[in-house]
Structures are given as structure tokens and as C-alpha cells.
Amino acid sequence: MSDVLIAVMGATGTGKSTFVNLISGSQLPVGEGLRSCTTEVRTSQPFELLGRRVTLIDTPGFDDTLKTDTEILKLIASYLANQYRENKKLSGVIYMHRISDFRVGGISRRNFGMFRSLCGDSTLANVVVVTNMWSEVSAEKGAAREHELATDGALFKPVLDKGAAMARHANTLASAQAILGRLVANVPLPLQIQRELVEEHKALEQTAASEELKTQEMREAQRRQEAELQRQREAAEAARRAQEAQKARELAEAQRQRAIQEAQAQAERERVQRELEAARRQEEERLRQVQLALQQEAAARAAEEERLRQVREQQAREAQAQEEARRQHQAEMERIRRRRRHDDCIIC
Ligand SMILES: Nc1nc2c(ncn2[C@@H]2O[C@H](COP(=O)(O)OP(=O)(O)OP(=O)(O)O)[C@@H](O)[C@H]2O)c(=O)[nH]1
Ligand SMILES: [Mg+2]
């Protein structure tokens with residue numbers, strides 16, 4: 001029975017060890033929390049499938065929480081190089097991807113980029129992109145994502161176009177067997193990283209995978225720098241807006257104070273105006289009263305003069321009447337005396 005070697009790769013937490021354990025009956029550690037679980041390249045216990053003795057290679061995912069990508073690359077590369085030096089080639093490579101990921105973000109893309117540079121193009125016929133965790137999404141959503149993954153040029157389309165296959169894993173033994181069943185009969189081929197390290201005697205730093213890592217790190221540094229610049233721009237913009245808002249508040253406050261002062265000054269002017277008006281009215285009233293008193297006094301004086309004039313007229317009339325009476329009396333007396341003298345002459 002010939003030995004078959006198949007590697008399982010993919011981002012951390014995508015279920016690589018679970019898959020390996022399920023089909024091989026191994027007890028490789030499986031992650032529970034958010035931390036990466038597999039930190040070394042581990043092999044499963046061999047198992048039989050379709051008349052072949054199969055050994056699976058469980059790998060740590062890039063973007064491990066404990067190891068750097070360079071350390072992970074070194075681990076996988078040196079393991080694969082050693083295998084190739086012993087003339088052990090891979091009949092298949094599985095790339096595990098969670099269909100439940102609602103978005104294929106930077107981490108998944110970087111992982112897949114590393115995977116591609118490890119494999120190279122010439123071995124893609126031995127590659128199966130396996131989607132798992134189907135129980136975590138509705139069938140329609142899962143199918144839509146699967147279609148997107150298979151047709152998006154930035155995702156799996158380029159490898160599918162070059163001979164890789166895509167398969168669903170239902171987290172059952174039968175499903176795992178069906179997936180591996182497609183690989184066990186493949187012609188074993190060296191991966192690009194194996195050829196580079198073993199046949200071409202390249203140093204790890206000269207390999208495509210290392211170049212990819214550097215490119216990704218540069219992109220990541222650039223992204224971080226851009227993010228930092230953006231953060232600084234946003235902070236500056238926020239500070240500018242805060243300053244403007246503060247200025248606007250100060251201006252509004254100054255305007256409010258000015259309005260208060262103007263209102264107070266206006267109220268004061270009106271108060272003074274009212275007081276002046278009241279004083280003017282008071283003075284007018286006082287003058288009117290004085291005038292009235294003077295008029296009354298004049299009228300009283302005129303009445304008194306009139307009374308005095310009437311008294312004088314009366315007195316004059318009385319004096320005239322008395323004078324008239326005295327003259328009449330004298331005339332009477334004169335007349336009487338003349339008569340007496342006349343009478344006396346007659347008698348004489
Ligand atoms: N629902 C569901 N959960 C799964 C499946 N496969 C794995 N899991 C769970 O996903 C978590 C991570 O699984 P692992 O097998 O440790 O993933 P890994 O890819 O080996 O992770 P690293 O070793 O950290 O790279 C565990 O809690 C598993 O129980 C699956 O097909 N369906
Ligand atoms: Mg693992």
C-alpha cells in the first residue's frame with residue numbers, strides 16, 4: 001500500500017485540525033478560544049482510504065496569535081523541504097476556508113496569498129479549496145458566498161482557473177472522505193517552496209513565499225502608515241472642528257453678552273427717559289398750578305377792585321344824592337326864606 005501525503009492549510013481557526021482529527025482519528029489539539037491552536041507542523045496518524053495509506057499534515061495558519069508570519073513560514077517551509085529531501089511529495093493540498101466568514105478580509109487574503117506562493121502554479125491541479133462551517137450559515141447565503149469566492153478575481157477564481165477544485169465539507173466523516181478521495185490518486189508533485197529550497201537551493205528569503213511575505217508586510221506597513229496618516233488627518237480635522245465649534249461658541253457667547261449689555265443700556269436709557277418725562281410732567285403741573293394760583297389771585301384782585309370800584313361808585317352816588325338833597329334842602333330853605341320875606345313885605 002503506497003503512502004499518500006496531503007497537507008491541510010488555511011487561516012487560523014478555519015478547522016484544519018478538526019478536519020485532520022475527524023478523518024484520521026488523531027487527537028491533535030483543536031482550538032476553543034480566539035487564540036491560535038496549532039503552532040507547529042503536525043502529522044496525523046496514518047489511515048487508510050481507497051486502498052492508500054494516507055497521512056495528513058496539519059499546519060499552523062498565518063496570522064497566528066503567538067507566532068509571526070515569518071516564523072510560521074519557516075516552520076512550514078523547513079518541514080516541507082525536509083519531506084521533499086526524503087522524496088516525499090504531496091498528493092494534495094487542502095486550503096480550508098470558513099463559508100461562515102461574512103467578509104473575506106485582509107487576513108484571509110494574506111493567508112491565501114501565502115498559500116499560493118507556497119504552492120506555485122504547477123501544483124494547483126492537486127489543490128482543493130474546502131469550504132466548511134456550512135451549519136453556521138443559511139443554505140442560500142452559503143451558496144451565494146461560495147459563488148462569489150469562486151468567481152471573484154481577488155479570491156479563489158485564479159487558482160480554480162489553473163486547475164484547483166472547490167469542495168464543501170459538511171463536517172462529517174463521509175464528507176471528509178469524499179474530499180480526500182479526490183486527491184489520493186493524484187500524481188504527487190513538489191510544491192514551489194520545495195522546489196525552490198531543495199532543487200534550486202535557494203535560501204528561504206529568496207523564495208516566492210518569502211517575497212510574498214515581504215510584499216504583504218510592506219503592504220501592511222503601508223496600510224498601517226496610511227491608517228495612521230488617516231487617523232492623524234481625522235484627529236487634526238476633529239481638532240479643527242472642535243476649535244471652530246469653540247470659536248463659534250465663544251462668538252455666540254460674546255454676541256449674547258453684547259445683546260444683554262445693549263438690552264440693559266436700552267432699559268437704562270428708557271428708565272432715564274421715563275424719569276425725565278415724569279420730572280418734566282411734574283414741573284409742568286407745578287407751573288400750571290402756579291399759573292392757576294396767579295390767575296385766581298389776579299381774578300380775586302380784579303373782583304376786589306371791582307367791589308371797591310362799586311363801593312366807591314355807590315359812595316359817590318350817595319354823596320351826590322346827599323349833595324342833591326342838601327342843595328334841594330337849601331333851595332327849599334331859600335324859597336321858604338324868600339316867601340317869608342315876601343310875606344313880611346306884604347304885611348308891612
Ligand atoms: N461548526 C463547525 N465548527 C467547526 C468546524 N471545523 C472546526 N470547527 C470549530 O472551529 C474551531 C477551530 O477549529 P480548529 O480545528 O482548531 O481550527 P484550526 O484551523 O486548526 O486552527 P489553528 O490551529 O489555530 O490554525 C473549533 O472550535 C472547532 O470546533 C466545522 O466544520 N463546523
Ligand atoms: Mg489547528
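Helices (H or I, at least four residues) and strands (E, at least two) are DSSP runs, numbered from the N terminus. This is a predicted model, in which local features need pLDDT of at least 70 and side-chain atom pairs count only at pLDDT 80 or more, while totals for chains, interfaces and linings use all residues. Residues are numbered from 1 along each chain as its sequence is written, and chains are lettered from A and ligands numbered from 1 in the order in which they are written.

Two loops deserve a careful look at the backbone. In the loop between strand 6 (127–132) and helix 4 (139–151) lies M133, whose phi is near 60°, a positive value in a residue other than glycine. A residue is buried if 20 or more other C-beta atoms, placed from the backbone, lie within 10 Å of its own, exposed if 12 or fewer, and partly exposed in between; M133 counts as partly exposed because it has 19 C-beta neighbours inside 10 Å. The loop between strand 7 (165–168) and helix 6 (173–181) holds N171, a residue other than glycine with a positive phi, near 65°. N171 is partly exposed because 14 other C-beta atoms lie within 10 Å. As background, most residues other than glycine have a negative phi.

Helix 3 (residues 106–119) has 14 residues and reaches 20 Å from its first C-alpha to its last, close to the 20 Å expected at 1.5 Å a residue, where the expected span is 1.5 Å times one less than the number of residues. The buried residues of helix 3 include R110, N111, F112 and L118, and the helix is followed by G120, which has a positive phi near 80°.

Leaving aside neighbours within four places in sequence, I94 is in contact (C-beta atoms, placed from the backbone, within 7 Å) with I6, V8, M9, V128 and V130.

Elsewhere, helix 8 (residues 208–347) contains A278, which counts as exposed because it has 10 C-beta neighbours inside 10 Å. A278 and Q330 are 52 residues apart in sequence and 75 Å apart in space, C-alpha to C-alpha.

Notes. Contact = placed C-beta atoms within 7 Å.
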